[in-house]
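Please have the viewer open as you read.

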Amino acid sequence: MHICIMTGARPNFMKVAPIMRAIDNARNHGRNITYQLVYAGTDDDPTLEESLFSDLDIHKPDVFLGVSCENLNELTGQVMSTFERYLQEHKTDAVIVVDDLASTMAAAIVTKKQNITLAHLVAGTRSFDITMPKEINRLVIDGLSDLLFTAGMGSQSTATREGSQEKVYMVGNILMDTLRYNHNRFLPPTLPQPCDEQYIVFTLNRKALIADEENLRRMLQAIADNANGMTVYAPLRGKAKEVVERNMPASGNIRVIPPQSYLQFGWLTSHAKGIITDSGNVAEEATFNGVPCITLNSYTEHIETVKVGTNVLVGEDAEVLAEYVGKMARGEWKAAGIPDRWDGRTAERIVQILSERA
């Protein structure tokens, strides 16, 4: 059996690394299974720094499709064209696609047109906001997939409700496989000054938050005013870095630092007093590490981080944010636990199912 693992952006590699290791392990134990790692982008993509692959202990993609453009519709068309060519030139029994990117949807469409088994990793996630491009991507990918690998009960229920129960598998959260594997490999970040004993980590990526500078300025002020004097480290790049630096409070306790490698960022967040983020992945990792987390959104695709874990949703409301930053700084946080099947064996389950079903 030959599997294509299709990736479209940097965060995908954190989720496919355990599957690559699980396939290697299965092959070493005599199972007839191989794979190629394919990336939609170019081999000089600046987001794929050299350290990413060594940090994750995986090799670079075997194939780069070479697609690079900002317009999502144009990107979708280019990925469809180049990925179709790839599948025609490489005998493939199953394709694994990850998350909800435009490139993921493009690869899913081509896979089904080629009559190849399609598996969706992190299936069943929904915002229930059809105005979001990613929500459309999710609906299309899940609708086409032969195998839906879900991370928790919320996404499991959604996937089962929308499709055939026979193709839905709650395998657990693949990010936890990566965290467990790398936890003892984390490295302290390289900073101009040593980390304070207690600090908060702030990350920002959502375009809507970055675009509304007036509200972002209020939110940054709320963070600075209620952090109880703690330093707030903000590893940022690109537009997010520019906007935050332009709207920084005068107090000086928010410090923008360079983007960190995977192992350094893992160390920084796992040792933090708390985390403020708009990233679902970061919130999931915070729950695993038992670190209080505030998410700057009104919903999360992984509701178990709120119901069971350390995550709290505050939307984009600076006053609510101020309240919860104060609680975080004072150590007044809710009791939390680890959701079901966050046990580091998700990749093993996936490879077993693929061997039986594909």
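## The cysteines

Cys 4 counts as buried because its relative accessibility is 0% (buried means under 20% relative accessible area, exposed over 50%, partly exposed in between, with a 1.4 Å probe and protein chains only). This is a predicted model, in which local features need pLDDT of at least 70 and side-chain atom pairs count only at pLDDT 80 or more, while totals for chains, interfaces and linings use all residues. Residues are numbered from 1 along each chain as its sequence is written, and side-chain values use heavy atoms, leaving out hydrogens and water.

How many disulfides does the structure hold? There are 0, a disulfide being a pair of cysteine sulfur atoms within 2.5 Å. For Cys 4, the nearest cysteine sulfur is that of Cys 69, 19 Å away.

## Helix H14

Helix H14 covers residues 318-330 (helices are DSSP runs of H or I with at least four residues, strands are runs of E with at least two, and both are numbered from the N terminus). Its 13 residues reach 18 Å from first C-alpha to last, close to the 18 Å expected at 1.5 Å a residue, where the expected span is 1.5 Å times one less than the number of residues.

At the start of H14, a side-chain oxygen of Asp 317 comes to within 2.9 Å of the backbone nitrogen of Glu 319. After the helix comes Gly 331, with a positive phi near 75°.

Buried residues of H14 include Leu 321, Val 325 and Met 328. The buried residues fall within an arc of 160° seen down the axis, so they line one face of the helix; the arc is taken from the directions from the helix axis to the C-beta atoms. On the other side, Glu 319 and Arg 330 are exposed.

The buried residues pack against strands S8 (199-202), S11 (274-277) and S12 (293-295), and against helix H9 (213-226), with contact meaning heavy atoms within 4.5 Å.

Technical notes:
Polar contact = N/O pair within 3.5 Å; in protein donor to acceptor, adjacent residues only side chain to side chain.
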